[in-house]
Amino acid sequence: MQIYMRDNDFIVSKTDIKGRITYGNETFIKMSGYLESELLNSPHNILRHEDMPAIVFKLLWERLYEEKSINAFVKNKCKNGDYYWVFANVTPSYNEKGEVIGYYSVRRKPKEKAVKTVEAIYMDLLKVEKKEGLDGSFKLLKSILDSQGVSYDELIIELQK
Ligand SMILES: Cc1cc2nc3c(=O)[nH]c(=O)nc-3n(C[C@H](O)[C@H](O)[C@H](O)COP(=O)(O)O)c2cc1C
């Protein structure tokens, strides 16, 4: 069953540099259906939904390794199998020496229309990925962006407007 973020909710989590959860706000914990103790120190893929194409997470990590932030629509899976969509902004965290010490994600309720569009794109990406791997889904994503004459970031921002 799909569950929904509320209009003014923020779901926040932090990870170490390997993507293990080091913090989650109350909304993050509640939506996930896990206990805080089950989430802390677990890899963030504990919430991964099988409908998510791997290419999205590949792009996410590539961006983070370049010390840039990234926006993405993500379908997450709760402990009981329910799911929820988020509009996420994921960013590196720094210490006082300017070194990356981890990452954090702030998620807001995604626009309904954006979810419909993204859901269809992700289904296509996943289908190609199952047959042709990440090269296939990368090519398809690129061709979708090229056909609309937009970059990844432009598409995401436009969808959430
Ligand atoms: C700060 C941060 C937040 C993340 N949040 C999520 C999330 O909510 N859901 C998710 O599936 N992956 C999230 N990821 C990505 C996961 O680390 C992982 O790359 C993804 O779940 C795919 O896992 P897999 O490559 O092991 O299949 C996040 C990563 C970072 C750094």
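The legends below describe close-up views of a predicted model. Residues are numbered from 1 along each chain as its sequence is written. Local features need pLDDT of at least 70 and side-chain atom pairs count only at pLDDT 80 or more, while totals for chains, interfaces and linings use all residues.

**View 1**

View 2. Five strands form an open, antiparallel sheet in the order S2-S1-S5-S4-S3, where two strands pair if DSSP finds at least two bridges between them. S2 (21-24) and S3 stand at the edges with a single partner strand each, so one side of each has no neighbour in the sheet.

**View 3. The pairing of S1 and S5.** These two strands pair in the antiparallel sense over five bridges. Ser13 has Ser105 in S5 as its bridge partner.

**View 4. The largest nonpolar core.** This core has 24 residues; a core is a set of buried Ala, Val, Leu, Ile, Met, Phe, Trp, Tyr and Cys residues joined through C-beta atoms within 7 Å, and buried means that 20 or more other C-beta atoms, placed from the backbone, lie within 10 Å of the residue's own. Among the members that touch the most others are Leu60, Phe73 and Ala88. S4 (83-94) gives the largest share, six residues.

Methods. Helices (H or I, at least four residues) and strands (E, at least two) are DSSP runs, numbered from the N terminus. A residue is buried if 20 or more other C-beta atoms lie within 10 Å of its own, exposed if 12 or fewer, and partly exposed in between; C-beta atoms are placed from the backbone.
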